[in-house]
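Please open the model in your viewer and keep the sequence panel beside it. The stops below are given in the order in which to select them.

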Amino acid sequence: MRIETVAVHAGTEVDEGSQAVTPPIVLSTTFARDPDGSFPGGHIYTRSSNPNRAELEQAVAALEGGAAAAAFASGMAAIAGIFQSLEPGAHVLAPGDSYHGTVHVLRQVFDRWGLAFDFVDMRDPAAVAAAMRPSTRLLWIETPSNPMLHMVDIAALADLAHRHGAMAAVDNTWATPLLQRPLDHGCDLVMHSTTKYLGGHSDVLGGVVVTRRQDAFFERLLAVLRLGGAVPSPFDCWLIRRGIRTLPARMRVHCDNAEVVAQFLAGHPMVERVHYPGLPSHPGHDLARRQMRRFGGMLSFEVRGGRDAAMAVAAGVEIFARATSLGGVESLIEHRASIEGPDSKTPQSLLRVSVGLENAEDLVADLDHALSTLQ
């Protein structure tokens, strides 16, 4: 089946009892045994497994072309679960422009826990190779990156990791499996914040890790999940699985709208720079064309006039909501450096945009009005 069909049907079957086409929500925390002590439904206790979580995991694994998946209560729980499954003393290489939540969990939690890590510009494979250590066990990859939308060569980095005895993992939240499948490029793990595009409606928190193979590392990851208990609720799993069913249709509109908005911004006199891999002027455009099906619904742009001008544009929009997060049906805009805090490396003039499903002309008109206040 092609990926659009997989999104609709993977992990879901007609309910045997009621014949319901939509899977029921199984809220029970515990499951009955047969007289012989076995569990006929395959579930013991919802912290270990649940029918709704199993359906979600099967669906995301199928979308990414993986062997199995583990669903977590949030994207950050999924990221932390991967790091915690490494041995203390292991070395991690992460992008120099990593998502700020990833940076903070490494510095504030895993540094004290005994994990070693360095940040490197992963657009330069030679720099990555030079930063590898004998103890390097994981290359953590983000592409497109947040919020600068840098592109890195997934296949080249996965090959580099494997030549040094390390795994390669990709945060694929921004691209989704509809646009990019890192396992097809040789990676070992894929992570998503399912809060974003997979859920798609800004109403549920979640994360998931997909593995290429069910090996010892993935078994450790499952132990971290089940023993630590950072599991999503059955209703959360049901909501995310419902969102995935419309993911192909939503991503088409997200991408169409983002391309229109990016082209408008690229031609506006008050915009200094647009970061969107779909623009031929983007340094990673050719790479994005090779490893992505489309260019996504996320972009950022730098306003002429610095921080005050950027804040004025964010204050001047009416359709865009000034809010953190991304991937929902509604368009969002935010001054990213303010969100990331005093240690942010993001330009003060930059606004990050999650382009939603509204009419593209309305979105352009809203941004045009906000930018006109600077002239």
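Begin by selecting Lys196, which sits in the loop between β6 (189-192) and β7 (207-211); helices (H or I, at least four residues) and strands (E, at least two) are DSSP runs numbered from the N terminus. The model is a predicted one, in which local features need pLDDT of at least 70 and side-chain atom pairs count only at pLDDT 80 or more, while totals for chains, interfaces and linings use all residues. Residues are numbered from 1 along each chain as its sequence is written, and side-chain values use heavy atoms, with hydrogens and water left out.

An unreviewed UniProt entry annotates Lys196 as "modified residue: N6-(pyridoxal phosphate)lysine"; UniProt positions are given in the numbering used here, feature names are shortened, and annotations may be inferred rather than shown by experiment. Is Lys196 buried or exposed? Lys196 counts as buried because its relative accessibility is 16%, where buried means under 20% relative accessible area, exposed over 50%, and partly exposed in between (1.4 Å probe, protein chains only). Now display its surroundings: leaving aside residues up to four places away in sequence, Lys196 touches Thr173, Ser325, Leu326 and Gly327, a contact being heavy atoms within 4.5 Å. The side chain of Lys196 also makes a polar contact of 3.0 Å with that of Ser193 (a pair of N or O atoms within 3.5 Å; within protein, one must be able to donate a hydrogen and the other to accept it, and residues adjacent in sequence count only if both atoms are side-chain atoms).

Next, select Gln291 in helix α11 (residues 285-291), which is buried at 7% relative accessibility. A polar atom of the Gln291 side chain lies 2.8 Å from the backbone oxygen of Val152, and the residues that Gln291 touches, not counting those up to four places away in sequence, include Met151, Asp153, Leu179 and His185.

Then turn to the salt bridges (a side-chain nitrogen of Lys or Arg within 4 Å of a carboxyl oxygen of Asp or Glu), of which the whole structure has 14. Glu4 lies in helix α1 (residues 3-9) and Arg293 in the loop between α11 and β9 (298-303), so the pair ties together parts 289 residues apart in sequence. Glu4 is partly exposed at 28% relative accessibility, whereas Arg293 is exposed at 51%.

Finish with Asp159 and Arg163, which meet in a salt bridge of 2.9 Å, N to O, and which are separated by about one helical turn because they stand 4 residues apart in helix α6 (residues 154-163).
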